[in-house]
Amino acid sequence: MSPEFVHKTVMMAEVLDALNPAAGGRYADGTVGGGGHAEAMLARSSPTGWLSGCDRDGDAVEAAKRRLTPFAGRFEIRRGNFAELADWVEAGSCDGVVYDLGVSSPQLDVAERGFSFQQEGPLEMRMDSRQALTAAELVNNATAEELARIFWEFGGERDSRRFAKAIVHDRELRRFTTTRQLAELIERISPRHGRKAHPATKVFQALRIAVNDEIGSLKRGLEAAMKILKPGGRLAVITFHSLEDRVVKDFGRAGARDYTFIGEVDVPELREPRAPELKIVTRKAVTPGEAELAENPRSRSAQLRVFEKI
Ligand SMILES: C[S@@+](CC[C@H](N)C(=O)[O-])C[C@H]1O[C@@H](n2cnc3c(N)ncnc32)[C@H](O)[C@@H]1O
């Protein structure tokens, strides 16, 4: 792992405000990344606060451990998915949990990780390099229908079917192995030359979400956070696109209701009363302030929601 793992932490002040770390408190960071939020939470909860952290990315875990050495003895960082936090963090033990979703800057910037359509690299996109599924695997083997569904559902790509068909056609001639190979196909057939965003933006986002099962992990991760929080403890979640934000918002709404319902649709006759599980602390998602937006362009799509376990 290279020593230059640099990720600018987003919405630091807002997260600290929401979780208010204090001495003696116990905290969890499900996305330690470069360790920015983790470091601040440990510093603010000195001298006795504890932090359990994880990340799917082995490089991130190594970088975070290095950065947190001044707090040795007060944290445990494991490589893994936050969906599994409740398997090793004690139920009802945490005062605060933070998830800062998406990818870190090193994941985007290191061409070999295969996340970027701008740089030539293997078509990878795995946050956890131990995982078998890669973007190339999907692009070369999924059916046109599957690919179109991924592009539409996870990327909101309006040309999902056309792109999927073109991929299936092209891969008969040559398998897709690199990021630029895929990006160039989309550039070639995209009707949107001249638009602000690169035409492959949504396809790459969608593939990344599918490869890493980001939505499934998020849903399970939110449940896990509620398990490890103590009553009165808070969960802060930063999302970077509307699909993630909707999952988080819906989770908050469902948890705050004083009933559950059977099936997919909320029909009054099928409601079952129960005590609400959480309070919504942020009615509207909180977004970065002017100063942060000016200083860190990657923060521009960040949205923070905070919930309190009852
Ligand atoms: C935006 S970065 C976090 C940055 C970190 N908060 C900081 O201040 O340096 C997002 C990180 O979340 C990790 N990640 C994304 N989904 C995850 C999941 N389901 N479980 C564990 N880590 C995940 C990624 O590997 C990445 O390192």
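Which helices each supply at least two residues of the lining of the largest cavity? They are α2 (36-44) and α11 (214-228), helices here being DSSP runs of H or I with at least four residues, and strands runs of E with at least two, numbered from the N terminus.

The model is predicted, so local features need pLDDT of at least 70 and side-chain atom pairs count only at pLDDT 80 or more, while totals for chains, interfaces and linings use all residues. Residues are numbered from 1 along each chain as its sequence is written, and side-chain values use heavy atoms, with hydrogens and water left out.

A search of the whole structure finds one cavity of 30 Å³ or more, a cavity being a set of points on a 1 Å grid over the protein atoms alone where a 1.4 Å probe fits but cannot get out, with lining residues having an atom within 4 Å of a point. The largest cavity has a volume of about 370 Å³, and of the 29 residues that line it, T31, D55, D100, L101 and G102 are the closest to its centre. The largest share of this lining, three residues, comes from α11.

Strand β9 (residues 303-309) has six of its seven residues buried, which is to say under 20% relative accessible area with a 1.4 Å probe and protein chains only.

Definitions and conventions. On a 1 Å grid over the protein atoms alone, a cavity is a set of points where a 1.4 Å probe fits but cannot get out, and a pocket is an open set with protein on both sides within 12 Å along at least five of seven lines; lining residues have an atom within 4 Å of a point. Grid points are joined across faces, edges and corners, and a volume is the space filled by probe spheres set on the points. Buried means under 20% relative accessible area, exposed over 50%, partly exposed in between (1.4 Å probe, protein chains only).
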